[in-house]
Amino acid sequence: MASNLLNHQIDDILEAVLEDATGDVYMVNPSRDAIEEFISVATAFDGELPSVHMLADERTLKEVMDDFIVASNAADLISEDVLVLRTLSEAPENSLLITEDRIVAVVHAGDRVGGLITDDDSFVEDTYDTYAARWEDASDFNLRTPPITNVRETLSDEISPSAEEDFTAILNSLETARGDGDGLDEVTISLLVAAKNQALLYDISKWGEDVGIASKATFSRTKTKLEDMGLIDTEKVPIDVGRPRLRLKIGDDRLSEADNGQLATVAQSILN
């Protein structure tokens, strides 16, 4: 990567940097789109990833990580020690990708993106040292979303392999999982999967709390909302001691007839 990257998409620029980098990479002041694209590119990257130190605006990080799909994949990268998130107190004018060998300034011009590169040894060294120092003084960003790998593995173990397959298929059919009208949230998805597989509310909510998706109380409130809207239904299952448990079931024929690729779309249309 010796020349400027012009008329590229941001994912092309990010992939070129990751392929070429040795040592730590500083990703400074990325845009919302750049953060999302980085998580996507790094998750699908075929090869050994460098350690990426992302210094980003705190509000931007919060907005991006409100999407469970992005955040859970970011958490995977963090758990693999290839990504660390910290927040900027003062953002530079440009978005920068800084390696030990070169600096790439990411410039947006309408729908065009360019990566302007310098490899001047002195300038690169000074810039690298400057942001390494800023990194040391920056505050950690606390990502509370669990890694998607852990979510899938525990869902398969504690509920069923078919529930994990359904969960993964639904996520793959969505562009975002925010629950704000642009996508279903992770709690709703979990409950729909549980209902499709006739799991107990106790089991899915305990799993969700243990893995770090949401509290049992959040699962209970969301269950009530979905039940009131007719998406899911429940039946009591007696136990030896204590109150009966509730088994979740699909409550709307449109959901029963939908395959996993359509389940999210149908559920969202009913919710909206």
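The protein has 12 helices and 10 strands; helices (H or I, at least four residues) and strands (E, at least two) are DSSP runs, numbered from the N terminus. This is a predicted model, in which local features need pLDDT of at least 70 and side-chain atom pairs count only at pLDDT 80 or more, while totals for chains, interfaces and linings use all residues. Residues are numbered from 1 along each chain as its sequence is written, and side-chain values use heavy atoms, with hydrogens and water left out.

First, the overall picture. Along the principal axes, the C-alpha atoms fill a box of roughly 75 × 35 × 30 Å. Of the 272 residues, 49% count as buried; buried means under 20% relative accessible area, exposed over 50%, and partly exposed in between (1.4 Å probe, protein chains only).

Next, the domains. Domain 1 covers 5-140 and domain 2 covers 148-271, with bounds from an automatic or database domain assignment. Their C-alpha centres lie 34 Å apart. Domain 1 gives 11 residues to the contact and domain 2 gives 12, where contact means heavy atoms within 4.5 Å.

How much area is buried between domain 1 and domain 2? The figure is about 880 Å², and carbon and sulfur atoms give 51% of that. Buried area is the accessible area (1.4 Å probe) that two parts lose on being put together, summed over both. On the domain 1 side, D67, F68 and I69 supply 60% of the area buried against domain 2, more than any other three residues.

Two salt bridges are counted between the domains; a salt bridge is a side-chain nitrogen of Lys or Arg within 4 Å of a carboxyl oxygen of Asp or Glu. R178 forms a salt bridge with E36, and their closest N and O atoms are 3.8 Å apart.

Which elements give two or more residues to the side of domain 1 that touches domain 2? They are α2 (32-44), α3 (58-64) and α4 (68-79). The largest share, five residues, comes from α4. By class, that side has three nonpolar, two polar and six charged residues. Here Ala, Val, Leu, Ile, Met, Phe, Trp, Tyr, Cys and Pro count as nonpolar, Asp, Glu, Lys and Arg as charged, and the others, Gly among them, as polar.

T60 counts as buried because its relative accessibility is 18%. Leaving out residues up to four places away in sequence, T60 touches P30, S31, R32 and I35.
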